[in-house]
Amino acid sequence: MSQVQGNETVKLHYTGKLNNGQVFDSSVQREPLEVKLGEGKLIPGFEKGLVDMKVNEKKTITIPKEEAYGEVQKSLFQKIPNENLPPEIKPEVGMGLVSKNPDGSERQLRVADVKDGFIIVDANHPLAGQDLTFELELLAIK
């Protein structure tokens with residue numbers, strides 16, 4: 001196979017950046033990412049950007065928020081009374097929390113605001129609402 005078609009396993013290095021140039025993730029200083037395409041493990045825009053790439057090709061793609069983590073959803077903000085928090089937690093804006101769902105699964109939350117008697121948590125993905133830029137280097141198609 002000379003080009004990525006969309007359902008192969010690929011091995012690549014990537015660097016993800018925000019619009020202001022801040023790097024939020026990179027595989028360059030660690031093992032390359034190896035993933036089978038078409039299984040929904042990557043954001044849609046990232047996967048689309050790999051299609052038609054050749055081994056050893058490098059390219060930069062910009063992914064609109066709609067093909068990344070979507071818009072920030074106001075419905076994913078929730079008010080939590082302080083008495084519902086474990087007593088050892090002293091919430092601060094930006095702090096990560098984990099909530100258990102009724103089915104036993106866990107949900108990652110971020111403290112968006114601290115008020116008198118309650119906090120506001122945000123269950124949106126931290127990169128929601130942002131366009132993302134990725135530098136890609138395709139190392140192998142398997």
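The largest nonpolar core holds 21 residues, and Val10, Leu12, Phe46, Leu50, Phe134 and Leu136 touch the most other members. Such a core is a set of buried Ala, Val, Leu, Ile, Met, Phe, Trp, Tyr and Cys residues joined through side-chain atoms within 4.5 Å. Buried means under 20% relative accessible area, exposed over 50%, and partly exposed in between, with a 1.4 Å probe and protein chains only. The model is predicted: local features need pLDDT of at least 70, side-chain atom pairs count only at pLDDT 80 or more, and totals for chains, interfaces and linings use all residues. Residues are numbered from 1 along each chain as its sequence is written, and side-chain values use heavy atoms, with hydrogens and water left out.

- β9 supplies the largest share, 5 residues.
- Another core, of 8 residues, lies apart from it; Ile80, Val111, Ile119 and Ala123 are among its members.
- Beyond its neighbours within four places in sequence, Val10 is in contact with Val4, Leu33, Glu34, Val35, Leu37, Leu50, Leu138 and Ala140. Contact means heavy atoms within 4.5 Å.

**Chain layout**
- The protein chain has 1 helix and 9 strands.
- From the N terminus on, the order is β-β-β-α-β-β-β-β-β-β.
- Helices (H or I, at least four residues) and strands (E, at least two) are DSSP runs, numbered from the N terminus.

**Four-stranded sheet**
- An open sheet of 4 strands runs in the order β5-β8-β7-β6, with antiparallel pairing. Two strands pair if DSSP finds at least two bridges between them.
- β5 (77-81) and β6 (96-100) are the edge strands, each pairing on one side only.
- On average, neighbouring strands of this sheet are turned by 45° against each other, direction ignored. The axes are lines fitted to C-alpha atoms.
- β6 and β7 (residues 106-115) run antiparallel and are joined by 5 bridges.
- Leu97 stands opposite Leu109 in β7.

**Overall dimensions and surface**
- The radius of gyration of the protein chain, taken over C-alpha atoms, is 19 Å, whereas a compact globule of 142 residues would be near 14 Å. The globule rule is 2.2 Å times the number of residues to the power 0.38.
- The C-alpha trace spans about 60 × 35 × 30 Å along its principal axes.
- Of the 142 residues, 30% count as buried.
- Among contacts between residues at least 6 apart in sequence, 62% join residues at least 24 apart.

How values were computed:
Axes are lines fitted to C-alpha atoms, for helices over the stretch in contact, and angles run from 0 to 180 degrees between N-to-C directions.
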